[in-house]
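Morning, everyone. Please bring up the sequence and the structure, and we will walk through them together.

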Amino acid sequence: MTAVWITIAALFVGTIALKATGPIALRRRHPPRRAVAVIALVAPTVLTSLVLYQTLSAHPTGVTMDARIVGLVVAALAIAARAPMIVVILLAALATAAVRALA
Amino acid sequence: MSNVDPGDTLWDGMRAAFPVAAPTLALGVSFGLVAKPVMGTVAPIAMSILIFSGSAQFAALSVLQGGGAAAAAVGAGLLMNVRWLPMSFALAPSLQGSTQRRTLESQAIVDASFVIASRPDGRFEPRPLVGATLLQASAWTAGTVIGTLGSGFIGNPDQFGLDAVFPAFYLSLLVASLRQRRDRNAFVAVALAAFIAASLLPFAPPGLPITASSVAALVGLRNS
């Protein structure tokens, strides 16, 4: 049980440090324009890998192909048809649940 | 309906994060269910309140579950959260006020909130960031409480396809942000990020592919 609490304490401190490093290191300096151009692209790149990770990741590591892929394809079609986000998400969940129920 | 909410209040952030509230709750339930036999009842709940990072908590839990040492569990969890380091640097210039205040606001960084708070010009809105995280952390903690206390009479949340909500949510936000930008650099960066993540995913420790793919943002140094 001690290992559990050591893990929680260390992860707590480590996660705070990771999130605080940017504001503490940069202070209040204004970044140059080229840096802003890079910063503006961080969100799309992170989103791209999150889509892949959330669709293909296996526990605890590696990749696996499962019903989530069907959900993502359905989501992509709904997005292409300009459906509202809540519809996109519901369709993805429904399609994934349907594939799992049939399997 | 615009997918990337343009507002700048706490409430705007909560509303933008609303689609992932239910799946986050469900994910919290499965964390509580899996964690209870390994960590007991109190520790998983304390962990969710203090760390509110599903990916890091699951990573650490799977090490502890396999009988691994605390150091290995911490390593797995932190490796997962290293992705928040580049996001912290990206967010920093948009935070105002004292060092304490900016440090405190930076603690609201989690994946969905970071994206919800981002604007196409590279700026971030701090209040929606905090609002989106408050909603998700509450849902995550509530789910953990339900999972640890109610284990036994809950089925597997995956059967409802809730895990497929996350990729669908992120894809919606990605397409919305690309539709707003329409500059060539954004498309090149996204293609490069996909390539980096896809090549690392099969064998790299979790968290690393997401961190590594943010290198693709350096495409911004090119003139578009």
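Start with B:Thr144, which is found in helix α8 (residues 126-150) of chain B. Helices here are DSSP runs of H or I with at least four residues, strands are runs of E with at least two, and both are numbered from the N terminus.

A word on the source. This is a predicted model, where local features need pLDDT of at least 70, side-chain atom pairs count only at pLDDT 80 or more, and totals for chains, interfaces and linings use all residues. Residues are numbered from 1 along each chain as its sequence is written, while chains are lettered from A and ligands numbered from 1 in the order in which they are written.

Back to our threonine. Is B:Thr144 buried or exposed? B:Thr144 is buried, because 29 other C-beta atoms lie within 10 Å. The cut-offs: 20 or more other C-beta atoms within 10 Å of a residue's own means buried, 12 or fewer means exposed, and in between is partly exposed, with C-beta atoms placed from the backbone.

What does B:Thr144 touch, leaving out residues up to four places away in sequence? The list is B:Gly28, B:Phe31, B:Gly32, B:Pro44, B:Ile45 and B:Ser48. Touching means contact: C-beta atoms, placed from the backbone, within 7 Å. Look at B:Ile45. In sequence, B:Thr144 and B:Ile45 are 99 residues apart. In space, their C-alpha atoms are 5.9 Å apart.

Now the helix pair. The axes of helix α1 (residues 10-39) of chain B and α8(B) come within 6 Å. They cross at roughly 25°. Axes are lines fitted to C-alpha atoms, for helices over the stretch in contact, and angles run from 0 to 180 degrees between N-to-C directions. So α1(B) and α8(B) are roughly parallel to each other. Angles under 35 degrees count as roughly parallel, over 145 as roughly antiparallel, 65 to 115 as roughly perpendicular, and the rest as oblique.

The crossing of α1(B) and α8(B) is right-handed. Nonpolar covers Ala, Val, Leu, Ile, Met, Phe, Trp, Tyr, Cys and Pro; charged covers Asp, Glu, Lys and Arg; the others, Gly among them, are polar.

**The two chains**

Zoom out to chain B. It has 11 helices and zero strands. Its radius of gyration is 18 Å, close to the 17 Å that the globule rule gives for 224 residues, so chain B is as compact as a globular protein of that length. The radius is taken over C-alpha atoms, and the rule is 2.2 Å times the number of residues to the power 0.38. Of the 224 residues in chain B, 58% are buried. Take contacts in chain B between residues at least 6 apart in sequence: 71% join residues at least 24 apart.

Next, chain A. It has four helices and zero strands. Its radius of gyration is 20 Å, well over the 13 Å that the globule rule gives for 103 residues, so chain A is more spread out than a compact globule. Its C-alpha atoms fill a box of roughly 55 × 50 × 25 Å along the principal axes. Buried residues are 45% of the 103 in chain A. For chain A contacts with a separation of 6 or more, 30% come from residues 24 or more positions apart.

**Where they meet**

How many residues are in contact across the two chains? The count is 68 residues of chain A with 90 residues of chain B. On chain A's side, α1 (2-26), α2 (33-56), α3 (68-80) and α4 (85-102) each give two or more residues. α2(A) gives the most, with 22 residues. By class, that side has 47 nonpolar, 17 polar and four charged residues.

From α4(A), the contact uses A:Met85, A:Val88, A:Ile89, A:Ala92 and A:Ala93. From α9(B), it uses B:Val165, B:Ala168, B:Phe169 and B:Ser172.

Definitions and conventions: Left-handed = near helix turned anticlockwise from the far one by under 90°.
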